[in-house]
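Here is a briefing for a reader who is new to this structure. Look over the sequence and the model, then read on by topic.

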Amino acid sequence: MILLPSADQDTETTEAEEIVTDDAREALLEAMSSELGDALVASHLEPGVDLWLRVSNEAWSDTAEYLRERQRFRYFEWLAGIDWMPSPFGRSLEAAVDVVQAESDDDVSDSPDDSGLTGTGADGVTGGETRFQVFARVHSLTTGLGVTIKADVGDDLAIGTWIDTYAGAAWHERETHEMYGITFTGNPDMRNLYLPMEFEGYPLRKDYPLLARLIKPWPGIVDVEPMPELDEAPSPAETNRVSAEAETSPDGTASTEGGDA
Amino acid sequence: MTDMLDRRQMAYIASQAADARVNVELEAEGMTLNVGPQHPATHGTLRVVLRLDGEEVVAADPIMGYMHRGYEKLAEVRTYPQVTTLINRIDWLGSFANEVPFILAAERLMEIEAPPRAQWIRTILFEMARIANVTLFLGDMGVQLGAISPVFYAFRDREFILNQIEAATGGRFHPNFDRIGGVKDDLPAGWIADTKASLQTIRNFCDEMEDLLLGNEIFEARTRGIGIIPADVGLAYGMSGANIRASGVDWDLRRDNPVGLVYDQVDWKVWTHPDGDSFARYWVRLQETREACNIVDQLLDGIPAGPIMAKVPRIIKVPEGEAYVATENPLGEMGYYVISQGGLEPFRVKIRSASFSNMSITPWLLKGTYVPDVITILASLYFILGDIDR
């Protein structure tokens with residue numbers, strides 16, 4: 001009833017599988033780069049785990065068609081957008097820990113400027129030049145491989161549609177449109193999926209404020225405060241002082257700037 | 001096959017992509033019928049606007065958003081351990097299964113692996129979440145066809161599973177039990193024997209449903225040949241789980257991509273059905289519930305000893321990176337694409353929920369069907385509104 005292979009057998013199978021999967025992913029990568037040529041801008045392969053491709057904005061729709069018709073990626077998993085801009089409201093969550101740590105270490109390296117982040121797709125695994133990207137994932141049931149495709153979206157916030165290839169992309173594109181304002185040319189149905197049509201703004205953009213968080217500091221922040229009994233942690237009084245500062249700030253965003261203060 | 005031809009479904013197969021683009025021909029001649037937003041068939045509040053020509057549906061336009069809670073935005077301002085509280089509420093009938101792929105994605109980024117005992121406990125609770133979830137469907141499908149009794153049996157017998165989930169996790173519906181690096185607690189004493197007894201209740205329940213519904217003339221007439229989804233169309237719409245297996249696609253992430261769960265340690269089988277109609281979807285779910293009982297039963301016999309948590313830092317910071325992990329949830333493939341920039345909170349979480357994709361086929365599927373079948377088709381697709389709207 002229970003199939004419990006010995007430890008040795010288990011390791012062997014896993015290793016063998018990983019090598020096979022790798023070959024498959026590398027072959028797919030080669031096929032894609034020979035088909036797309038310059039349109040394949042970047043790729044990232046984690047052996048035995050996953051494969052990412054970044055294609056040019058113009059080649060977005062063609063990539064889907066090639067994947068489905070020629071590589072038999074029949075199964076459409078999802079499509080969505082990313083906003084790479086660091087949140088202007090900061091990482092308010094980190095205030096209690098990071099401000100204290102930064103003060104004790106004399107190290108103020110947590111501001112977004114020093115963290116090496118660019119606020120563009122360059123922060124992702126396949127790089128990029130624009131603030132917005134769309135990414136989608138398809139799966140091949142014959143090889144069992146999944147692949148994540150990304151593409152930059154320039155200032156015109158427009159990219160081709162996938163609905164001619166994967167009919168299921170229609171709703172995902174509607175959702176991405178209402179959440180990020182990205183338009184999919186060729187998809188005639190860009191009505192809002194969740195929000196009322198008169199809703200203003202694009203909620204998943206990083207500069208769209210989460211009002212509840214601006215009005216009141218997140219009570220869950222106590223979870224991440226250092227425990228007082230630890231040697232390297234500051235005294236409880238110090239922690240309280242930082243929290244108090246964050247709470248009394250007039251605009252509610254001071255906690256993010258705390259590192260510099 | 002004759003039924004399919006009669007229903008002019010074959011014509012739609014050929015023109016599926018084109019049809020997706022004109023899914024709201026509400027200017028067409030005929031009558032508009034508004035279904036919902038408070039229909040008992042919908043497990044939440046879904047509204048479907050139907051355009052009718054006589055009894056035939058010309059166009060269907062599902063309207064969601066009544067339960068949109070913005071979890072992708074909210075997850076960006078919470079620490080990783082806090083996110084599990086939110087995502088418990090996505091598919092509220094199988095909550096524990098929602099937590100697992102997110103935790104696995106975070107573990108992959110942190111390069112942590114849960115100890116074997118934790119993996120076994122996870123898999124057991126994952127399958128029990130499936131049983132609790134699908135049991136309700138098995139009874140509820142009867143209600144949509146006018147058979148009242150099955151749903152009461154479903155609620156009655158699901159209680160035994162919920163009691164076991166509560167005994168282990170402390171929560172009946174929202175366990176919030178999975179942790180990065182393991183699980184919160186070990187199993188309580190005597191739990192294994194009690195769970196085995198409750199599994200027997202579910203097996204009896206499955207037999208009961210088979211007796212009550214599968215042989216029933218009305219049930220067969222209302223589900224056989226109704227709402228046929230061809231495999232290729234279903235896949236292009238991103239359908240997954242029992243819905244796509246009922247269209248003959250032999251694809252199950254538990255077997256084909258078992259990340260972090262121990263399905264490879266037990267002897268079980270993936271059930272498929274070639275018909276792709278409402279009946280097939282019911283039948284596959286019925287078999288899968290029995291199979292889930294078998295999986296749990298075998299796992300209970302072989303839980304390894306050892307710790308239930310790996311060594312994890314007290315304050316969890318996830319290194320920079322991106323990971324997508326999906327598991328075979330009760331409703332289908334559920335996955336989380338997590339982008340981390342090295343902070344306490346995820347930078348972006350894309351939630352791939354099964355019902356969203358399963359539901360997106362309805363404008364195509366309902367076209368050309370008849371009004372009485374709309375409810376049974378929607379019920380047989382088995383979606384949960386929290387899983388659509390997130």
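H17(B) is followed by Tyr382(B), whose phi is positive, near 50°. Helices here are DSSP runs of H or I with at least four residues, strands are DSSP runs of E with at least two, and both are numbered from the N terminus. This is a predicted model: local features need pLDDT of at least 70, side-chain atom pairs count only at pLDDT 80 or more, and totals for chains, interfaces and linings use all residues. Residues are numbered from 1 along each chain as its sequence is written, while chains are lettered from A and ligands numbered from 1 in the order in which they are written.

**Helix H17 of chain B**

- Helix H17(B) covers residues 371-381, and eight of its eleven residues are buried, so the helix is largely enclosed by the rest of the structure.
- A residue is buried if 20 or more other C-beta atoms lie within 10 Å of its own, exposed if 12 or fewer, and partly exposed in between; C-beta atoms are placed from the backbone.
- The buried residues of H17(B) are Asp373(B), Val374(B), Thr376(B), Ile377(B), Leu378(B), Ala379(B), Ser380(B) and Leu381(B).
- Helix H7(B), residues 116-144, packs against H17(B) at an angle of about 175°, and the two axes are 9 Å apart.
- H7(B) is therefore roughly antiparallel to H17(B).
- Axes are lines fitted to C-alpha atoms, for helices over the stretch in contact, and angles run from 0 to 180 degrees between N-to-C directions.
- Angles under 35 degrees count as roughly parallel, over 145 as roughly antiparallel, 65 to 115 as roughly perpendicular and the rest as oblique.
- From H7(B), Asp140(B), Met141(B) and Gln144(B) meet Ile375(B), Thr376(B), Ala379(B) and Ser380(B) of H17(B).
- By class, the residues of this contact between H7(B) and H17(B) are three nonpolar, three polar and one charged.
- Ala, Val, Leu, Ile, Met, Phe, Trp, Tyr, Cys and Pro count as nonpolar, Asp, Glu, Lys and Arg as charged, and the others, Gly among them, as polar.

**Arg254 of chain B**

- Arg254(B) sits in helix H13(B), residues 253-256.
- Arg254(B) counts as buried because it has 22 C-beta neighbours inside 10 Å.
- Beyond its neighbours within four places in sequence, Arg254(B) is in contact with Tyr263(B) and Glu328(B).
- Two residues are in contact if their C-beta atoms, placed from the backbone, lie within 7 Å.
- Asp264(B) is ten residues from Arg254(B) in sequence and 8.4 Å away in space, C-alpha to C-alpha.

**The sheet of chain B**

- Three strands of chain B form an open antiparallel sheet, in the order S1-S2-S3.
- Its edge strands are S1(B), residues 31-35, and S3(B), residues 56-63, and each pairs on one side only.
- Two strands pair if DSSP finds at least two bridges between them.
- S1(B) and S2(B), residues 47-53, run antiparallel and are joined by five bridges.
- Thr32(B) stands opposite Arg51(B) in S2(B).

**Chain A**

- Chain A has seven helices and seven strands.
- Of its 261 residues, 38% count as buried.
- Five strands of chain A form an open sheet with mixed pairing, in the order S1-S2-S5-S4-S3.
- The edge strands are S1(A), residues 40-46, and S3(A), residues 75-83, each pairing on one side only.
- S1(A) pairs with S2(A), residues 50-55, in the antiparallel sense over six bridges.
- Val55(A) in S2(A) is the bridge partner of Leu40(A).
- Helix H4(A), residues 169-180, lies across S3(A) and S4(A), running at about 10° to S3(A).

**Where the chains meet**

- 49 residues of chain B are in contact with 44 residues of chain A.
- The largest share of chain B's side, four residues, comes from H3(B).
- That side of chain B has 17 nonpolar, 17 polar and 15 charged residues.

**Confidence**

- The predictor gives the complex an ipTM of 0.81 and a pTM of 0.79.
- Chain B has a mean pLDDT of 84, and 91% of its residues reach 70 or more.
- pLDDT is the predictor's confidence in each residue, from 0 to 100.
- Over residues 17-26 of chain B, pLDDT stays under 50.
- Where pLDDT is low, the predicted coordinates should not be read in detail.
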